[in-house]
Amino acid sequence: MSSAFEGATPGFLVWRLSMKWRVAVDRAVAPLGLTHAQYALVASLHGMHRAGLRPSQRQLADHTGLEALYVSKLARALETAGLLERARDPRDPRAVRLALTEEGREVTRRAIDVVQGLLHQLMEPLGGLDSARAREFTRELTTLLDVPLDPTLPDPPVTDPPVTEPPVPSERTEEQS
(Lines give C-alpha, C1' and ligand atoms only; values in the text may rest on other atoms or scores of the structure.)
Protein backbone atom coordinates (compact mmCIF):
# COMPACT_ATOMS: atom_id res chain seq x y z
CA MET A 1 0.00 0.00 0.00
CA SER A 2 1.22 3.46 -0.81
CA SER A 3 2.42 5.24 2.31
CA ALA A 4 0.38 8.26 1.23
CA PHE A 5 -2.79 6.23 1.92
CA GLU A 6 -1.67 4.34 5.01
CA GLY A 7 -4.39 4.57 7.64
CA ALA A 8 -6.94 5.94 5.15
CA THR A 9 -10.54 4.85 5.55
CA PRO A 10 -12.19 2.65 2.91
CA GLY A 11 -14.56 5.51 2.07
CA PHE A 12 -11.67 7.87 1.37
CA LEU A 13 -9.95 5.25 -0.80
CA VAL A 14 -13.15 4.61 -2.78
CA TRP A 15 -13.52 8.36 -3.30
CA ARG A 16 -9.89 8.77 -4.41
CA LEU A 17 -10.12 5.83 -6.81
CA SER A 18 -13.38 7.12 -8.27
CA MET A 19 -11.86 10.59 -8.74
CA LYS A 20 -8.72 9.10 -10.33
CA TRP A 21 -10.93 7.10 -12.71
CA ARG A 22 -13.22 10.05 -13.53
CA VAL A 23 -10.29 12.33 -14.34
CA ALA A 24 -8.60 9.65 -16.47
CA VAL A 25 -11.78 8.96 -18.44
CA ASP A 26 -12.52 12.68 -18.84
CA ARG A 27 -9.07 13.22 -20.36
CA ALA A 28 -9.24 10.11 -22.52
CA VAL A 29 -12.65 10.82 -24.09
CA ALA A 30 -12.26 14.61 -24.42
CA PRO A 31 -10.76 14.30 -27.95
CA LEU A 32 -14.02 12.53 -28.93
CA GLY A 33 -16.05 15.46 -27.63
CA LEU A 34 -17.30 13.63 -24.53
CA THR A 35 -17.07 14.05 -20.79
CA HIS A 36 -16.92 11.12 -18.37
CA ALA A 37 -20.62 11.53 -17.52
CA GLN A 38 -21.57 11.66 -21.20
CA TYR A 39 -19.43 8.58 -21.81
CA ALA A 40 -21.24 6.73 -19.00
CA LEU A 41 -24.52 7.61 -20.66
CA VAL A 42 -23.65 6.67 -24.26
CA ALA A 43 -21.74 3.51 -23.29
CA SER A 44 -24.65 2.35 -21.13
CA LEU A 45 -27.10 3.23 -23.89
CA HIS A 46 -24.94 1.29 -26.36
CA GLY A 47 -24.93 -1.78 -24.11
CA MET A 48 -28.67 -1.59 -23.48
CA HIS A 49 -29.33 -1.22 -27.21
CA ARG A 50 -27.22 -4.31 -27.92
CA ALA A 51 -29.45 -6.14 -25.42
CA GLY A 52 -32.49 -5.10 -27.49
CA LEU A 53 -33.64 -2.24 -25.26
CA ARG A 54 -34.51 1.37 -26.02
CA PRO A 55 -34.51 2.72 -22.49
CA SER A 56 -36.26 5.75 -21.15
CA GLN A 57 -34.26 8.50 -19.51
CA ARG A 58 -35.47 7.15 -16.13
CA GLN A 59 -34.30 3.60 -16.95
CA LEU A 60 -30.93 4.95 -18.06
CA ALA A 61 -30.67 7.01 -14.86
CA ASP A 62 -31.38 3.91 -12.78
CA HIS A 63 -28.83 1.91 -14.76
CA THR A 64 -26.03 4.48 -14.49
CA GLY A 65 -26.73 5.70 -10.96
CA LEU A 66 -27.01 9.27 -12.22
CA GLU A 67 -29.86 11.55 -11.16
CA ALA A 68 -32.75 11.59 -13.65
CA LEU A 69 -32.52 15.37 -14.02
CA TYR A 70 -28.80 15.10 -14.83
CA VAL A 71 -29.49 12.36 -17.40
CA SER A 72 -32.08 14.63 -19.01
CA LYS A 73 -29.54 17.47 -19.20
CA LEU A 74 -26.83 15.17 -20.61
CA ALA A 75 -29.28 13.69 -23.13
CA ARG A 76 -30.26 17.13 -24.41
CA ALA A 77 -26.59 18.09 -24.86
CA LEU A 78 -25.84 14.79 -26.64
CA GLU A 79 -28.91 15.30 -28.86
CA THR A 80 -27.69 18.80 -29.76
CA ALA A 81 -24.30 17.27 -30.63
CA GLY A 82 -26.07 14.79 -32.94
CA LEU A 83 -25.08 11.72 -30.90
CA LEU A 84 -28.48 10.59 -29.68
CA GLU A 85 -32.17 10.91 -30.37
CA ARG A 86 -34.83 11.61 -27.77
CA ALA A 87 -38.43 10.64 -28.50
CA ARG A 88 -41.63 10.67 -26.47
CA ASP A 89 -42.88 7.20 -25.62
CA PRO A 90 -46.28 6.75 -27.33
CA ARG A 91 -47.42 4.52 -24.45
CA ASP A 92 -46.35 6.99 -21.74
CA PRO A 93 -46.23 10.65 -22.76
CA ARG A 94 -44.15 11.51 -19.65
CA ALA A 95 -41.35 9.13 -20.67
CA VAL A 96 -38.60 10.00 -23.13
CA ARG A 97 -36.92 7.11 -24.96
CA LEU A 98 -33.28 7.39 -26.02
CA ALA A 99 -31.31 5.92 -28.91
CA LEU A 100 -27.87 6.60 -30.32
CA THR A 101 -27.64 8.06 -33.80
CA GLU A 102 -25.28 6.48 -36.33
CA GLU A 103 -22.67 9.10 -35.43
CA GLY A 104 -23.35 8.43 -31.73
CA ARG A 105 -22.74 4.70 -32.22
CA GLU A 106 -19.43 5.40 -33.97
CA VAL A 107 -18.22 7.85 -31.31
CA THR A 108 -19.35 5.46 -28.57
CA ARG A 109 -17.49 2.49 -30.09
CA ARG A 110 -14.30 4.57 -30.28
CA ALA A 111 -14.78 5.83 -26.70
CA ILE A 112 -15.36 2.29 -25.41
CA ASP A 113 -12.07 1.19 -27.00
CA VAL A 114 -10.24 4.09 -25.34
CA VAL A 115 -11.78 3.42 -21.93
CA GLN A 116 -11.10 -0.32 -22.23
CA GLY A 117 -7.42 0.57 -22.65
CA LEU A 118 -7.60 2.60 -19.44
CA LEU A 119 -9.32 -0.26 -17.66
CA HIS A 120 -6.57 -2.67 -18.68
CA GLN A 121 -4.02 -0.17 -17.39
CA LEU A 122 -5.88 0.25 -14.07
CA MET A 123 -6.21 -3.49 -13.50
CA GLU A 124 -2.62 -4.38 -14.40
CA PRO A 125 -1.40 -4.23 -10.76
CA LEU A 126 -4.01 -6.88 -9.91
CA GLY A 127 -2.71 -9.21 -12.62
CA GLY A 128 -4.76 -7.87 -15.50
CA LEU A 129 -8.43 -7.60 -16.27
CA ASP A 130 -8.93 -11.37 -16.53
CA SER A 131 -7.00 -12.32 -13.38
CA ALA A 132 -8.47 -13.99 -10.31
CA ARG A 133 -7.62 -10.88 -8.24
CA ALA A 134 -9.47 -8.63 -10.69
CA ARG A 135 -12.52 -10.92 -10.61
CA GLU A 136 -12.45 -10.89 -6.79
CA PHE A 137 -12.06 -7.10 -6.79
CA THR A 138 -15.10 -6.84 -9.06
CA ARG A 139 -17.10 -9.11 -6.73
CA GLU A 140 -16.10 -6.97 -3.73
CA LEU A 141 -17.10 -3.76 -5.51
CA THR A 142 -20.43 -5.33 -6.48
CA THR A 143 -21.03 -6.33 -2.86
CA LEU A 144 -20.43 -2.75 -1.74
CA LEU A 145 -22.65 -1.35 -4.50
CA ASP A 146 -25.47 -3.69 -3.44
CA VAL A 147 -25.56 -2.26 0.09
CA PRO A 148 -28.38 0.27 0.40
CA LEU A 149 -27.29 3.41 2.19
CA ASP A 150 -29.86 5.54 3.95
CA PRO A 151 -28.53 9.00 4.78
CA THR A 152 -31.47 9.57 7.16
CA LEU A 153 -30.35 6.86 9.60
CA PRO A 154 -28.95 8.13 12.90
CA ASP A 155 -25.22 8.03 13.47
CA PRO A 156 -23.94 4.73 14.83
CA PRO A 157 -23.32 4.65 18.58
CA VAL A 158 -19.89 5.80 19.68
CA THR A 159 -18.01 2.98 21.38
CA ASP A 160 -14.89 4.86 22.37
CA PRO A 161 -15.07 7.84 24.68
CA PRO A 162 -14.73 11.06 22.72
CA VAL A 163 -11.35 12.70 22.74
CA THR A 164 -11.59 16.16 24.15
CA GLU A 165 -9.03 18.86 24.13
CA PRO A 166 -8.23 20.60 27.39
CA PRO A 167 -9.83 24.03 27.60
CA VAL A 168 -7.65 26.80 26.27
CA PRO A 169 -7.57 29.87 28.48
CA SER A 170 -9.07 32.74 26.58
CA GLU A 171 -7.36 36.03 26.28
CA ARG A 172 -9.61 38.95 26.88
CA THR A 173 -9.32 41.75 24.39
CA GLU A 174 -9.82 45.38 25.16
CA GLU A 175 -13.26 45.16 23.56
CA GLN A 176 -14.29 42.38 25.94
CA SER A 177 -13.11 44.27 29.06
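**Note on the predicted model**

1. H2 and H3 are roughly perpendicular to each other, a label for angles of 65 to 115 degrees. The contact is made by Ala40, Leu41, Ser44, Leu45 and Met48 of H2 and by Gln59, Leu60, His63 and Thr64 of H3. Contact means heavy atoms within 4.5 Å. The packing angle of helix H2 (residues 36-50) and helix H3 (residues 57-64) is about 105 degrees, and their axes are 10 Å apart. Axes are lines fitted to C-alpha atoms, for helices over the stretch in contact, and angles run from 0 to 180 degrees between N-to-C directions.

2. A word on the basis. This is a predicted model, where local features need pLDDT of at least 70, side-chain atom pairs count only at pLDDT 80 or more, and totals for chains, interfaces and linings use all residues. Residues are numbered from 1 along each chain as its sequence is written, and side-chain values use heavy atoms, with hydrogens and water left out.

3. The overall fold comes next. The protein chain has 6 helices and 2 strands. Along the sequence, the pattern reads α-α-α-α-β-β-α-α. Helices (H or I, at least four residues) and strands (E, at least two) are DSSP runs, numbered from the N terminus. Of the contacts in the protein chain with a separation of 6 or more, 44% join residues 24 or more positions apart.

4. His46 lies in helix H2. His46 counts as buried, at 12% relative accessibility. Buried means under 20% relative accessible area, exposed over 50%, and partly exposed in between (1.4 Å probe, protein chains only). Neighbours within four places in sequence aside, His46 is in contact with Leu100, Thr108, Arg109 and Ile112.

5. Arg105 sits in helix H5 (residues 102-123). Arg105 is partly exposed, at 24% relative accessibility. Its C-alpha atom is separated by 9.1 Å from that of Ala43, and Arg105 and Ala43 are 62 residues apart along the chain.

6. Now the surface. The protein chain has about 13,200 Å² of accessible surface, and 57% of this belongs to carbon and sulfur atoms. Areas come from the Shrake-Rupley method with a 1.4 Å probe; for residues, only the protein chains shown count as cover. Of the 177 residues, 27% count as buried.

7. Phe12, Leu13 and Trp15 form a nonpolar surface patch, with about 280 Å² of accessible area together. Patches are made of residues with over 30% relative accessible area and no salt bridge; like charges are joined within 9 Å, nonpolar side chains (Val, Leu, Ile, Met, Phe, Trp, Tyr) within 5 Å. A salt bridge is a side-chain nitrogen of Lys or Arg within 4 Å of a carboxyl oxygen of Asp or Glu. Trp15 is in helix H1 (residues 10-29) and is partly exposed, at 48%.

Conventions. Parallel < 35°, antiparallel > 145°, perpendicular 65-115°, else oblique.
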